[in-house]
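The tour moves from one selection to the next and says what is found at each stop.

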Amino acid sequence: MKTLDILSLLMLSVLVACTTQGSEGTAANNEGVEMTSNCYMYTSKKDTIQMNLLRLGNKVSGDLAYKLYEKDLNQGSIEGEVRGDTLLVNYIFNSEGTNSIRQIVFLKQGDNWVEGYGDIEVTDEKVNFKNLKALNFNSTLILKKATCGK
C-alpha cells in the first residue's frame, strides 16, 4: 500500500504543479486552497472497501481498494474531480494480472460517499458509464469517513 501512497502523492504533486502555474508562471486558481486528505471505508463481516482521497480544490487523487468476499482483489489509484456533491474519478487498477481503467462515480451523503451504478460501455479499453444522469445511488456499500492505517 505504501507504493500506492507514494504514487498518489506523486500524481497529486504533478496535478498541483500543472494547475497552479499560469501562463507566465504565476499562481493561478488554487491560491489559498488547502489540500485535504481523508480516508473512507466500508466494512462488513467479509468485505472491505477503502478509499484514501487527496483533494486540492475540485481536483482529487488517491487510492482505492475493493476486498470483496469470493471476488478478486482490486486495488489501484484514482484521479478525477469533485462537481458539487459528486465525485467523478478514473480508477486505474490491477485485477488478475490485468491493468484496467474504470470510471467510478460517488455521491456525497453527509460525510460519506455512496458509489453509483448504471449501464456501462467500453471505449478504448476504458469502462465508462453510458449516462451519468441515470446512475443509481441506492447501494448499501456506503464508504464512511474513517481513520485508515497504512
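Begin by selecting W113, which is buried (under 20% relative accessible area with a 1.4 Å probe, protein chains only), its own relative accessible area being 4%. The model is a predicted one, in which local features need pLDDT of at least 70 and side-chain atom pairs count only at pLDDT 80 or more, while totals for chains, interfaces and linings use all residues. Residues are numbered from 1 along each chain as its sequence is written, and side-chain values use heavy atoms, with hydrogens and water left out.

Y40 and W113 form an edge-to-face aromatic pair, 6.4 Å centre to centre with 80 degrees between the planes; rings of Phe, Tyr and Trp (its six-membered ring) pair if their centres lie within 6.5 Å, and planes under 30 degrees apart count as stacked, over 60 as edge-to-face and the rest as tilted. Y40 lies in strand β1 and W113 in strand β7 (residues 112-115), 73 residues apart, strands being DSSP runs (E) of at least two residues, numbered from the N terminus.

Now select L143, whose contacts (heavy atoms within 4.5 Å), leaving aside neighbours within four places in sequence, include Y40, M51, F106 and W113.

Finally, move to Y91 and F93, both buried, whose ring centres are 4.6 Å apart with planes at 15 degrees, so the pair is stacked.

Key
Helices (H or I, at least four residues) and strands (E, at least two) are DSSP runs, numbered from the N terminus. Buried means under 20% relative accessible area, exposed over 50%, partly exposed in between (1.4 Å probe, protein chains only).
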